[in-house]
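Dear colleague,

Please find below the structure I am handing over to you.

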Amino acid sequence: MHDTNLEERLRSVLRQDGDGLALTITTDELERRLALRRRARTGQRLSLMAAGLAVLAVGAVFALGSGWLRSTNVAVDPSPSPSVSSAPSPEASASPDATVTPGPAASTDPLAALPMIERDPTSIDYYETEDPGETATGLTRQYPLTPRYLDGVRMDAREAGIRVTCIGSDARLEWGLFPRRNNIASEPVVCNGTVQSFRFDLTPHQPMVGQVLFLRVAPQTAFRVLVETFGFMNDPVRTVLPTFAIPQGTVAVDFTNEPNPDAAAESVQTSAGSVPSRGQYRVALACVGSGTIRWDIGRDRLAGGGDQPCDGRALGLWMDQGVPPEDTPVIVTTSPRNHWRIVVTHDPDAPAFIAPVLMGFAGEDLEGEGAGALALCVNWNGSGDSCGVPFLARDGAREVVVPVDSSLGLALADGWRIDNGGVEVMERDAARRDPFGESRRLTGIEDGGLHVAVPLTGLEPGDWVIRVSLNGSKGDDTFGGVYSIPVVIFD
C-alpha cells in the first residue's frame, strides 16, 4: 500500500538538504542515472523519484560522471501478433476518457481527486507511478516544467500504451532515444482530472537503445501514470536470422557468421572486428541455433559484454563502462553451427583524455596476470563534471581471487602514480540488483605510490565488487576516476 504521508515527510526532509547543494549535475546525467536504476519488472508498483531527490543522492557520491549498461530487445521484421487488442495508428493518438470524471477530494491528499487507472488485461507488462504534486523548489528556478522520469517499455513489444491523469498546470509527455529526447513522442497533456490515452507503434523506432521516457510537469501538479506494452516482436520464435535496424552512431563492427552444420558443436572464439576508444558503444545482436552466444568488448570484457541464448531474438544494448586505452577487439564466442550477426556503433568524437587502466592483483606483491578495470567519472587536470557512479558487477570479466583476510594489490598502467583515494565494497549480487545501492566503506588511500595494497580484512568468503575512487598523477598531469574490480574471497 502506498504510504503517502511517510513519503511526503521524507521528501520534505531531503528537499531541505538538497536545496542547499550546488546544482552542478546535468539533466543528461540525471536521465542516465535514473535509467540505470530501472530493474526488470513483473508488474510491481514502483514509486517515482523527483529530480530534486536525485540531485541529493548524486551529490553525496565521491566522483565525477558516467553511466551503465542498458539492455533492450531490438525489433525484427514484424509479424501479426494475436495479443494486440487493437491496431495502432502510425502516430500516437490522445483522447480523454469520456467515462471517467474527477470526483470530489475525500481528503487533503491531492491524489484523492484523481481517478484510478486500471491495467489493460491484454498488456504483457506494465509500470505505474503517482505523485501528489511536490514543490521541488531547488529546481523550479531552472526548470519550470520539472522532468519526472518514468520507466521504459519492454523492447520485445510491438506497441506501447500510456495513460495519464493529472490536476494542476498542463504537462507534456516526452519520449525519445538518447540523445534525442522526443523523437518517439512529444504530446501535450491537459491536467483537468480526466484520463488521457496514448498509443504508439514501436516498430519504426527499433532498436530502442537508450530510451528516455518522462512526464514534464509543473511543481504541485498531482498525477498518475500507467505505461503498458502489447504484443511480442519475436512471436512466433524465429528459426532464421532476423534483420534489424542499425543503432545510432558510427558503425565500427558489422559481422555476420554463416553457420557450418558440419563443424563440431563446441564453442569457438571469433574476432568480429574492433572498436576505437570511446565512452559509449551501442550493440545490436541476433543469433539462431543452439546454446548461447557471448560477446566481449576487449579481452575479458574490459569495456563490457554479455550473453544470451541463440533463440532468434534480436537484442540491443548500450554499453558505458569506461574508455579503453586503444582500439579494442570485439570477440564473439558460440558454436560455429550457429547463424549470428553483431553490429557495434559508437559516437564520432574521441575523448580528450583517456584514464589509465587500473590493475588488481592477488596480494600486495602484484602476482599473476591481474584483472583490469576502466575508469568512470573521469576528471583531468581539474576539469570534470559531477556525477553518480554505479557499482559494476562486471559479470564475465576477469576476477581477482584471494584468500580470507588477505589484500588486493592495485597499480595504474603506463607509469601513473596512485596519489590518494578511498575504497568501498558491495556484494556482487547486490550490485546486480541495484548498482546504486547501499555500500560499505572499506578503507582510505592516503600514502599512495606506483602500487598500493588494500587490506580486505573482515570480508567474508563470497563474490564482491571493490570500488576504488582515486586521484592519480604522472608528470604535470593529474586525473581522478572510479574503478570497479570483481573480487572472489575464499576460505
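**Sheets and disulfides**

Strands β18, β17, β21 and β24 form, in that order, an open four-stranded sheet with antiparallel pairing. Its edge strands, β18 (367-373) and β24 (451-455), each pair on one side only. From one strand to the next, the twist averages 30°. Within this sheet, β17 (residues 358-362) runs antiparallel to β18 and is joined to β18 by four bridges; M359 stands opposite G372 in β18.

The model is predicted: local features need pLDDT of at least 70 and side-chain atom pairs count only at pLDDT 80 or more, whereas totals for chains, interfaces and linings use all residues. Residues are numbered from 1 along each chain as its sequence is written, and side-chain values use heavy atoms, with hydrogens and water left out.

As to terms, helices (H or I, at least four residues) and strands (E, at least two) are DSSP runs numbered from the N terminus. Two strands pair if DSSP finds at least two bridges between them.

Five bridges pair β6 (residues 171-177) with β7, and W175 stands opposite A185 in β7.

Overall, the protein has five helices and 26 strands. Buried residues (under 20% relative accessible area, 1.4 Å probe, protein chains only) make up 54% of its 491 residues.

The whole structure holds three disulfides, a disulfide being a pair of cysteine sulfur atoms within 2.5 Å. Counted along the chain, the bonded cysteines follow the pattern 1-2, 3-4, 5-6.

- C166 and C191 are joined at an S to S distance of 2.1 Å. C166 lies in β5 (residues 157-167) and C191 in the loop between β7 and β8 (192-201), so the pair ties together parts 25 residues apart in sequence. Both cysteines are buried.
- C287 and C310 are joined at 2.0 Å, S to S; with 80° about the S-S bond, this link is right-handed. C287 counts as buried at 0% relative accessibility, and C310 is buried at 5%.
- C377 and C387 are joined at 2.1 Å, S to S, and both are buried.

Yours sincerely

Definitions and conventions: Buried < 20%, exposed > 50% of the residue type's maximum accessible area, 1.4 Å probe, protein only. Axes fitted to C-alpha atoms, helices over the stretch in contact; angles between N-to-C directions.
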